[in-house]
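Have a look at the model first, and then we can walk through it together.

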Amino acid sequence: MMPGATPAANSETPRRNPVMRYFARFDDGEVVRWAFRGLLIGAIGVLALDLRDLA
């Protein structure tokens, strides 16, 4: 295929992972921010459980 040419409509294109298709709808920065928030909440939860065990 020539550079810059578009693939034919009936050509076999690889199917994308459904999870990746879902996240493709969102801005990349937004996905990273939510992933960081999830990691931060998880770390705080683990620290809280450790502090509870120490007390």
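How many helices and how many strands does the chain have? It has two helices and zero strands. Please keep in mind that this is a predicted model.

**The chain as a whole**
- Buried residues account for 0% of the 55 residues in the chain.
- The chain has an accessible surface of about 5,500 Å², and carbon and sulfur atoms contribute 66% of that.

- Phe23 belongs to helix H1, which covers residues 18-23.
- Phe23 has a relative accessibility of 38%, so it counts as partly exposed.
- Tyr22 is partly exposed as well, at 42% relative accessible area.
- Phe26 has a relative accessibility of 32% and is also classed as partly exposed.

**Aromatic rings**
- Searching the whole structure turns up one aromatic pair.
- That pair is Tyr22 and Phe26, whose ring centres are 5.3 Å apart.
- Their planes meet at 75 degrees, and an angle over 60 counts as edge-to-face, so this pair is edge-to-face.

**A charge over a ring**
- Which ring does the charged end of Arg37 sit over? It sits over the ring of Trp34, at 4.6 Å from the ring centre.

Methods: Residues are numbered from 1 along each chain as its sequence is written. This is a predicted model: local features need pLDDT of at least 70, side-chain atom pairs count only at pLDDT 80 or more; totals for chains, interfaces and linings use all residues. Side-chain values use heavy atoms; hydrogens and water are left out. Rings of Phe, Tyr and Trp (its six-membered ring) pair if their centres lie within 6.5 Å; planes under 30 degrees apart count as stacked, over 60 as edge-to-face and the rest as tilted. Buried means under 20% relative accessible area, exposed over 50%, partly exposed in between (1.4 Å probe, protein chains only). A charge sits over a ring if NZ of Lys or CZ of Arg is within 6 Å of the ring centre and within 35 degrees of the ring normal. Helices (H or I, at least four residues) and strands (E, at least two) are DSSP runs, numbered from the N terminus. Accessible areas come from the Shrake-Rupley method with a 1.4 Å probe; for residues, only the protein chains shown count as cover.
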